[in-house]
Amino acid sequence: MIAGIDLGTTNSLVGVWTPDGAKLVEQGGEVLLPSVVALDADGGVLVGRAARNRRLVAPERTVTSVKRLMGRGTSVELGDRRLSPPQVSALILGALLDRVEASEGQRPDRAIITVPAYFDDIQRQATRDAGELAGLEVERLVNEPTAAALGYDSGEEQLVLVYDLGGGTFDVSILEREAELLEVLTSYGDTRLGGDDIDVALCDWVLERLGQDGEAIRRDPLAKTRLLELVERSKVTLSSREATRLHDPF
């Protein structure tokens, strides 16, 4: 079985081809899997929603946005463990494969994985390494804007402009569609610009407004993590409302 995987900075998801067509695989009614890995109190590995919740009480035992570190020659600390970004990404991929196996009764052994258009060769190889560590044969890496264009087909000749503003990266691609051909004319992007940076900017704005309380929060990793999570949720709320109130009982 071959899977299509969007290995995202903030969230990831997996799809498979069934007799009824393409299918995004859910778990607990959710398609998105938070791209977060954490250790529980006993040292067990958590991935996804449970890991994101764990971050609020043990940020030092949680890794987020590991995609931004792919191919950077660095490592991350997860409690008393030190892992490479591909190793952390492999845990996220493994959780997606578990989801498919539970839903379809078969575990994919091959995958097509999307990557930012502006990922360099080293970052792309790190993504392949993550797939191999998860037990996958990575058939192909597809640029994320190209994947979006493939999913939108009007059947007409078109010049298509695709913006992809994700959690950690921002890409723009211009593509030309003729008949059944899709040609990428040019791409540009920033692998260090995304929703994470918007969250940090909003968090800094709130901290400045809090004055001395804000300075105290800056010095407390747990408090700052909780505020960052609160700000991110408020940002999402503002997609459908004109205003929101920041409130955290702790």
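This is a predicted model: local features need pLDDT of at least 70, side-chain atom pairs count only at pLDDT 80 or more; totals for chains, interfaces and linings use all residues.

Q: What distance does helix 2 reach from its first C-alpha to its last?
A: Helix 2 covers residues 85–104, which is 20 residues. The expected span of a helix is 1.5 Å times one less than its number of residues, and for helix 2 this expectation is 28 Å. The model comes close to that value, with a reach of 29 Å.

Q: Why does Val 14 count as buried?
A: Val 14 is found in strand 2, residues 11–18. Buried means under 20% relative accessible area, exposed over 50%, and partly exposed in between, with a 1.4 Å probe and protein chains only. Val 14 counts as buried because its relative accessibility is 0%.

Q: What separation do the C-alpha atoms of Val 14 and Ala 3 have?
A: Contact means heavy atoms within 4.5 Å, and, leaving aside neighbours within four places in sequence, Val 14 is in contact with residues including Ala 3, Lys 23, Leu 96 and Val 100. Ala 3 and Val 14 are 11 residues apart along the chain, and their C-alpha atoms are separated by 6.6 Å.

Q: What volume does the largest pocket have?
A: On a 1 Å grid over the protein atoms alone, a cavity is a set of points where a 1.4 Å probe fits but cannot get out, whereas a pocket is an open set with protein on both sides within 12 Å along at least five of seven lines; lining residues have an atom within 4 Å of a point. Grid points are joined across faces, edges and corners, and a volume is the space filled by probe spheres set on the points. For the largest pocket this gives about 740 Å³.

Q: Which residues lining the largest pocket are the closest to its centre?
A: Strand 1, strand 2, strand 3, strand 10 and helix 4 each give two or more residues to this lining. Of the 23 lining residues, those closest to the centre are Gly 4, Ile 5, Leu 24, Thr 114 and Ala 147.

Q: Which element gives the most to the lining of the second largest pocket?
A: About 620 Å³ of space lies in the second largest pocket, and Asp 199 is among the residues closest to its centre. Asp 199 is found in helix 5 and is buried, with a relative accessible area of 7%. The element that gives the most to this lining, with seven residues, is helix 5.

Q: What volume does the second largest cavity have?
A: The count comes to two cavities of 30 Å³ or more, and about 40 Å³ of space lies in the largest cavity. The lining of the second largest cavity includes Leu 7, Gly 8, Ser 65 and Ile 92, and its volume is about 30 Å³.

Terms used. Residues are numbered from 1 along each chain as its sequence is written. Side-chain values use heavy atoms; hydrogens and water are left out. Helices (H or I, at least four residues) and strands (E, at least two) are DSSP runs, numbered from the N terminus.
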